[in-house]
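Please work through the exercises below with the sequence and the coordinates open beside you. Each task is followed by a solution in steps.

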Amino acid sequence: MSVDVDKSAQPPADAPPPQSLKAIPVRHYGRWVAAIVVIGLIALLGRAFATADVNWDAIPQYMFNADILKGLRNTLLITVLSMIIGIVGGVILAVMRQSKNPVTSTVAWFYVWFFRGTPVYVQLFLWFNLGLVFQYIDIMPIYKDEWSDFMTPFLCALLGLGLNEAAYMAEICRAGLNAVDEGQTEAAHALGMSHAKTLRRIIVPQAMRVIVPPTGNEVINMLKTSSLVIAVQYYDLLQAAQNVGRDSGVVVEMLILAAAWYLIATTVLSIGQYYLERYYARGSSRQLPLTPLQRAKAKLSGGFNRPGGMG
């Protein structure tokens, strides 16, 4: 069977080839204006600091001062210990909130309600002045002493920060536990696992993917919140910076130095949080994105292997 072809529909043999369309990008003038404004503001801010009556040489001079390093060490210590108390207490409170026992769930709810509803600053003062209520601490036959001797600035700071953090970690842990499908619990119980073993082996490992990111934020927030312990006379980084600044006459410079140490510590913690999140995200992503170091290595190896590249 022959097919008739309409030759009039075909382009003539001597017709010029079709021209490709040239895409013209849309010009975003607003972005350029915003960029110029931001750069101008940054330049003005930098000029203000550069011409300010600040002894910038004092900052590197006192960077590794013995008192500053002691305050930094105490800040890191109180941060780590308070977060340990907060995480352990938060897990316990989250499990209590999930309990079907009305007494334990109510106690956990009241704890979270009280510690989240009052400022940390107030709680620190309450711990410091509870000697008006408890004149003696008596744990017979283990320990007995006056409250003023028992409640040292370190212990006051530890309890004030740690117990307050437990209230926030309880809600974070509860959200992580609720994020795990109930079928996981039912399947574990069907296999004969106890409730405690189900939590430890099935629920908590899966909930960590949800718990870790906000916990990392809480660690960084705890590092900064620890500056409030100056109210109960605990020697931390802020207290050290104020003492050195008062003795040396460079008060503002030492506050800038304290801010620099806080920035360094939070940067290190942020890097640790990033890799910890990657560790717990292994089961949820088929392929994890490259880390900044891996991307840099890939670009370098691509530059070396590319024809005409380096080497």
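The exercises that follow treat annotated spans, helix packing and a salt bridge.

The model is predicted, so that local features need pLDDT of at least 70 and side-chain atom pairs count only at pLDDT 80 or more, while totals for chains, interfaces and linings use all residues. Residues are numbered from 1 along each chain as its sequence is written, and side-chain values use heavy atoms, with hydrogens and water left out.

**Exercise 1.** Determine the helix content and end-to-end distance of residues 32-52 and of residues 72-96.

Solution. Begin with the record: the unreviewed UniProt entry lists residues 32-52, 72-96, 108-128 and 254-276 as "transmembrane region", with positions in the numbering used here, feature names shortened, and annotations that may be inferred rather than shown by experiment. Next, residues 32-52 are 90% helix and 0% strand, with 30 Å between the end C-alpha atoms. Finally, residues 72-96 are 100% helix and 0% strand, and their end C-alpha atoms are 36 Å apart. Helices here are DSSP runs (H or I, at least four residues) and strands likewise (E, at least two), numbered from the N terminus.

**Exercise 2.** Describe how helix α3 (residues 66-98) packs against helix α9 (residues 195-225).

Solution. Two packed helices are described by the angle between their axes and the distance between the axes. For α3 and α9 the angle is about 140 degrees and the axes are 11 Å apart, where axes are lines fitted to C-alpha atoms, for helices over the stretch in contact, and angles run from 0 to 180 degrees between N-to-C directions. The pair is therefore oblique, given that angles under 35 degrees count as roughly parallel, over 145 as roughly antiparallel, 65 to 115 as roughly perpendicular and the rest as oblique. The contact (heavy atoms within 4.5 Å) includes T75, L76 and M83 of α3 and E218, V219 and M222 of α9.

**Exercise 3.** Identify the residue that forms a salt bridge with E171, and locate both partners.

Solution. A salt bridge requires a side-chain nitrogen of Lys or Arg within 4 Å of a carboxyl oxygen of Asp or Glu, and the structure holds 2 of them. The partner of E171 is R97, with the closest N and O atoms 3.0 Å apart. The pair links distant parts of the chain, since E171 lies in helix α7 (residues 153-179) and R97 in helix α3, 74 residues apart.

**Exercise 4.** Find the packing geometry of helix α5 (residues 120-128) with α7.

Solution. The axes are 9 Å apart and the angle is about 135 degrees, which makes α5 oblique to α7. Among the contact residues are W127 and F128 of α5 and L159 and L163 of α7.
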